[in-house]
Amino acid sequence: MHTLEDEYPGINISRIRVGGDLGGVVFVVGMVVCLLVGLPETRGFFAGTLAGGGSLAVVLAWWHRRHERSTIEALISLGLKGR
């Protein structure tokens with residue numbers, strides 16, 4: 001049984017593995033730079049998502065510091081292990 005992947009010899013981006021190491025960081029940064037250079041109208045969107053993501057990270061860090069014990073107890077009650 002032939003699939004579309006067998007018939008098309010080109011590069012399939014979904015088959016490229018990107019690890020959680022320096023190579024992965026370089027790939028992601030390179031893709032973001034290509035996107036921002038190639039599509040300048042996305043710069044505002046990128047700045048907004050960066051600001052929103054940074055704000056969410058600060059709020060979550062603050063929340064977990066203030067509720068550390070209750071978070072661990074909630075995880076244990078769900079059957080998950082904490083740190």
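Q: What is the mean pLDDT of the protein chain, and what share of its residues reach 70 or more?
A: The mean is 81, and 80% of the residues reach 70 or more. pLDDT is the predictor's confidence in each residue, from 0 to 100. This is a predicted model, where local features need pLDDT of at least 70 and side-chain atom pairs count only at 80 or more, while totals for chains, interfaces and linings use all residues. Residues are numbered from 1 along each chain as its sequence is written, and side-chain values use heavy atoms, without hydrogens and water.

Q: Which elements have the lowest and the highest mean pLDDT?
A: Helix α1 (residues 4–7) has the lowest, 63, and helix α3 (residues 43–66) the highest, 92.

Q: How many helices and strands are there?
A: The protein chain has four helices and zero strands, in the order α-α-α-α. Helices (H or I, at least four residues) and strands (E, at least two) are DSSP runs, numbered from the N terminus.

Q: What percentage of the chain is buried?
A: Of the 83 residues, 5% count as buried. Buried means under 20% relative accessible area, exposed over 50%, and partly exposed in between (1.4 Å probe, protein chains only).

Q: Switching to Phe27, where does Phe27 lie?
A: Phe27 lies in helix α2 (residues 22–38). Phe27 is partly exposed, with a relative accessible area of 34%.

Q: And Arg43, which residues is Arg43 in contact with, leaving aside neighbours within four places in sequence?
A: Arg43 is in contact with Leu36 and Val37; contact means heavy atoms within 4.5 Å.

Q: Where is Arg43 found, and what is the relative accessible area of Arg43?
A: Arg43 is found in helix α3. The relative accessible area of Arg43 is 44%, so Arg43 counts as partly exposed.
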